[in-house]
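Trainee: Could you take me through one part of this model up close? I'd like a connected account.

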Amino acid sequence: MNEAILELKRQIIEVLNLEDISPEDIDENAPLFGGGLGLDSIDALELIVLMEKNYGIKLQDPAEGKAVFKSVAVMANYIEKNRTK
Amino acid sequence: MNRQRVYIQATTQISIQSPLNENWMQNPIQYERPFIRSIEPNFRDFISPIEARRIGRLQKRALTTSLTVIHQSKVEHPDAIITGTGLGCIENTELFLKDMCSQGEYLLKPTPFIQSTHNTISSLIAIYTQTHNYNVTYSHRNISFECALYDAMLQFRLQKINSALVGSHDELTPSWYELLKKVGYSGNPSAEASVSFMLTTERNNSWCELGGIKILHQPSIEILKLSLGKLLTDNGLNLSDIDAVITGINGNQATDLPTIQIYKQLFGQIPLLHYKHLFGDSYSASGLGLYSAACCLKYQFVPSTLYYMETEDQIDNPQNIMFFGQSDYKDYSLILLKSSCGK
């Protein structure tokens with residue numbers, strides 16, 4: 001597994017408090033929302049905070065967030081291109 | 001008008017003793033350290049991991065004790081959910097405040113904020129059980145639980161409700177314990193408490209009857225005696241009918257001795273019981289005191305570990321137990337429990 005994707009999965013598990021779920025359980029190409037993880041709008045907020053705090057990326061346009069949080073792989077790709085720290 | 005009679009239909013606890021059972025009556029767990037966190041059951045037996053991930057530890061405990069008494073009493077949707085908590089969800093409050101400091105009040109995580117309010121506990125129970133009735137939280141330090149119980153009794157007396165889920169829930173964080181030490185507090189041990197009671201008007205299968213409750217602020221000894229007399233008279237009892245008095249003596253001689261003096265003035269030679277040496281002290285400890293008394297009445301025996309004086313005569317088949325609480329010599333409470341079996 002790509003190291004960046006693995007690290008992102010670990011961070012998601014931590015901030016969303018996904019007990020019983022290991023990085024291997026998360027399919028990086030599966031939808032983050034509306035899929036098996038059962039994430040909701042508060043999780044989206046947590047992910048926005050994660051992006052800004054850990055990578056210095058500010059997501060202000062909700063439409064942009066919807067595209068960025070499509071899957072872990074898409075999220076990791078976006079971080080790679082836009083991170084400031 | 002006949003008084004509405006109120007019974008404890010079910011009660012359980014998560015504390016520093018074995019959770020969700022009464023094993024402490026036969027095999028109490030002894031501790032030598034001053035700060036102890038609760039022994040937790042397997043929460044997954046009650047709450048799914050996906051649901052649990054946004055629920056703090058105190059809320060999990062409160063929800064678990066609540067679901068247990070709901071199950072035991074078969075009252076799925078109580079007419080009232082009333083919670084007493086001194087500190088509320090202090091663990092999440094601390095997380096939120098630490099984030100505020102470290103992030104310069106800028107990047108704040110939503111989950112600790114959502115979980116940081118005192119009334120999160122009661123509202124979570126309501127949402128989880130789909131119970132959209134009277135829902136109130138009392139936060140008045142050591143008498144939070146008494147206030148919640150008093151409210152429930154008033155609602156029963158006014159015949160507004162036939163059932164109430166009353167809880168007493170508090171957690172203790174390391175930083176709060178450090179603050180307690182700094183101000184010289186010495187309740188030994190300091191611990192956590194989560195107790196739920198299902199009160200109903202149904203006598204059958206109940207643990208005991210809740211005879212009444214008095215809360216007094218800075219009373220004189222005369223006022224305390226009058227209130228005690230009124231509580232007994234309302235229940236057709238005399239002082240000699242009380243089998244035992246259970247108090248919140250916590251091992252701190254500076255506060256225990258004056259409490260015992262008042263107890264002697266009020267109750268004379270009635271056997272004295274204590275419970276904080278088993279369950280620890282917290283803002284919700286009085287809930288465990290009442291729970292202990294209810295256990296004695298349900299099982300019709302008083303465990304030897306509850307007697308304050310080793311020389312005390314064994315109480316057989318207790319019928320009436322009085323809870324006597326005091327906090328900082330300002331707030332006093334009297335709660336009468338009566339056996340609902342036999343007589």
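Trainee: What distance separates the centres of domain 1 of chain B and domain 2 of chain B, taken over C-alpha atoms?

Mentor: Taken over C-alpha atoms, those two centres are 23 Å apart. A quick note first: this is a predicted model, where local features need pLDDT of at least 70, side-chain atom pairs count only at pLDDT 80 or more, and totals for chains, interfaces and linings use all residues. Residues are numbered from 1 along each chain as its sequence is written, chains are lettered from A and ligands numbered from 1 in the order in which they are written, and side-chain values use heavy atoms, with hydrogens and water left out.

Domain 1 of chain B runs over 6-200 and domain 2 over 208-338 (bounds from an automatic or database domain assignment). Between them, 45 residues of domain 1 are in contact with 39 of domain 2 (heavy atoms within 4.5 Å). The rule finds one salt bridge across this interface (a side-chain nitrogen of Lys or Arg within 4 Å of a carboxyl oxygen of Asp or Glu). Arg141(B) also forms a salt bridge with Asp328(B), with the closest N and O atoms 3.4 Å apart.

On the side of domain 1 of chain B that touches domain 2, β1 (6-14), α6, β4 (163-170) and β5 (193-200) each supply at least two residues (helices, H or I, at least four residues, and strands, E, at least two, are DSSP runs numbered from the N terminus). The largest share of that side, seven residues, comes from α6(B). Eleven of the 14 residues of α6(B) are buried (under 20% relative accessible area, 1.4 Å probe, protein chains only), including Phe145(B) and Met153(B). After α6(B) comes Gln159(B), with a positive phi near 60 degrees.

Key: Buried < 20%, exposed > 50% of the residue type's maximum accessible area, 1.4 Å probe, protein only.
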